Amino acid sequence: MKYGRFIMIAAAVLALLPGCAKTESAPGNKISFRVARFRSMVKAEPYKERYSDVPFGAYAWYKDPNPAKDTVFMSNQKVTYNAETDRWMPSGVNYYWPRTGSLDFICYSPYLAQGGPVVQENSIRYSAYDVYANPDVDLLYADKVTGLSDSFSAPSNGVPIIFRHALAQVNFVLRLAYVEKTGGTSDKTRWEVRLDSFELKGLHGKGDLQLSLSDGVWQKPSANVWTTDGSTGDLAFDCSSLGVFSDLTPQVIGSALVLPQMIGGVRAVLKFTISTYRDTGNGYGSEPFIVERGVELEADLASPSLNRWGINHNVVYNIVLSPSRSGGEGGASTGPDPVVITFDPAVDDWQNINIETSIGL
């Protein structure tokens, strides 16, 4: 039996499901866009609710009744939101619906004049993308919209665009398994914990993504991850604003956009200061009985049931820390001897799946 402090980490992967976007009216036959993005576990939400200040890029192809006359209609056209008209419009230029033929559209976000994805009629490619250099950029790509013309239902409502996330997101929430243990009426122990640092080590941050259309649907890589360049790095979270953990209230300790990847070798490293208070009948007093500084816990984030962060996945790790050492394993979260760091990863590949394993450090 191993002795030591342990944490329990429960991981949930949340889905981003389709839904209806808001209809926006526009005068005449100018081409405008109505835009949504997938929202976790519920439906699509209007893109403007979170990204009203984020322009996106649009590509369009004109399909003539005579295929020999097909041509590019928009090429990396910047599209911005106009709050006064509540419409998404091409920036600096107007486009009008042709009387004949039809239009196909592919959009991506955020817009880049140079260095954005390579978009063709049946493919999107991100090359040598560096998440570390763009830590706050949420890459989005849209389903292809085909066959729209002046005769399609209410063209002035805008080209319907639904975005999907090209990256993954990880979130970490921490709480204490317990804050007090009572051995008798005059024998009590209480703990307070401060998280001094939190890092993820061994992450891939650079890679390529190739998306290809098949029967109108974007085909992701078989493993649902990007092709990395092989290099790894560390990701440190800012813990300075976190208070002392003195009750069972969970706190968000970090959130980050990450490259979708296999996570074998990715490790979480947490350092704590743990203050222990003793009450032998006269109260706890203001000073701790002992203070343990630099208490470090490290563990792999991968498990047989959660071995990757997939494209469009939102992974939430709920970390439960046992602040004491004991000779028995006890309960994972509230038992008498919660001394093991255990992992309880749950993968929700758009469905709730709960898995439990234990790893002692």
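Strand β17 (residues 206-214) has a covered face made of G207, L209, L211 and L213, and an uncovered face made of K206, D208, Q210, S212 and S214. Strands and helices here are DSSP runs numbered from the N terminus, with at least two residues (E) for a strand and at least four (H or I) for a helix. The model is predicted, so local features need pLDDT of at least 70 and side-chain atom pairs count only at pLDDT 80 or more, while totals for chains, interfaces and linings use all residues. Residues are numbered from 1 along each chain as its sequence is written, and side-chain values use heavy atoms, with hydrogens and water left out.

## Strand β17 and its partners

Two strands are said to pair if DSSP finds at least two bridges between them. By this rule β17 pairs with strand β10 (residues 123-130) in the antiparallel sense, over six bridges. Within β17, L211 stands opposite I124. Strand β18 (residues 217-219) also pairs with β17 in the antiparallel sense, over three bridges, and W218 in β18 is the bridge partner of L213. β17 and β18 form a hairpin with two residues between them, and D215 in the turn has a positive phi of about 55°. Strand β19 (residues 227-228) is another antiparallel partner of β17, with two bridges; there T228 is the bridge partner of G207.

## Strand β20 and L235

L235 lies in strand β20 (residues 233-237). With a relative accessible area of 21%, L235 is partly exposed; buried means under 20%, exposed over 50%, and partly exposed in between, with a 1.4 Å probe and protein chains only. Leaving aside residues up to four places away in sequence, L235 touches F198, E199, L200, L203 and A256, where a contact means heavy atoms within 4.5 Å. L235 and G205 are 30 residues apart in sequence, and their C-alpha atoms are 9.6 Å apart in space.

## Salt bridges

Side chains of opposite charge can pair when their charged atoms come close. A salt bridge is a side-chain nitrogen of Lys or Arg within 4 Å of a carboxyl oxygen of Asp or Glu. A search of the whole structure finds 12 salt bridges, among them the following.

| Salt bridge | N to O distance |
|---|---|
| D86 and K48 | 2.5 Å |
| E298 and R267 | 2.6 Å |
| K63 and D70 | 3.9 Å |

The side chains of D86 and K48 meet in a salt bridge. This pair links distant parts of the chain, 38 residues apart: D86 is in the loop between β6 (71-82) and β7 (87-90), and K48 is in helix α1 (residues 48-51). K48 is buried, at a relative accessible area of 19%.

E298 forms a salt bridge with R267. E298 lies in strand β24 (residues 290-300) and R267 in strand β23 (residues 267-279), so the pair ties together parts that are 31 residues apart in sequence. Relative accessibility is 31% for E298, which counts as partly exposed, and R267 is partly exposed at 28%. Salt bridges that share partners join K63, D70 and E121 into one network. K63 is partly exposed at 23%, and D70 is partly exposed at 31%.

## Aromatic rings

Rings of Phe, Tyr and Trp (its six-membered ring) pair if their centres lie within 6.5 Å; planes under 30 degrees apart count as stacked, over 60 as edge-to-face and the rest as tilted. The count comes to 20 aromatic pairs. F56 and F163 form one that is edge-to-face, at 5.5 Å centre to centre and 70° between the planes. F56 lies in strand β5 (residues 56-63) and F163 in strand β13 (residues 159-165), so this pair ties together parts that are 107 residues apart in sequence. Both F56 and F163 are buried.

The rings of F73 and Y95 have centres 5.6 Å apart and planes at 45°, so the pair is tilted. F73 is partly exposed at 22%, whereas Y95 is buried at 16%. One aromatic cluster is formed by F33, Y47, Y51, F56, Y81, W88, W97, F105 and F163.

## Cysteines

The structure holds zero disulfides, a disulfide being a pair of cysteine sulfur atoms within 2.5 Å. C107 is buried at 0% relative accessible area, and C239 is buried at 7%.

## Confidence

pLDDT is the predictor's confidence in each residue, from 0 to 100. The protein chain has a mean pLDDT of 81, and 78% of its residues reach 70 or more. Confidence is highest in strand β9 (residues 118-120), at a mean of 98, and lowest in strand β27 (residues 342-345), at 31. Over residues 15-28 the pLDDT is below 50, and this stretch has 48 contacts in the model beyond near neighbours in sequence. Over residues 327-361 the pLDDT stays under 50, and the model has 115 contacts beyond four places in sequence for them.
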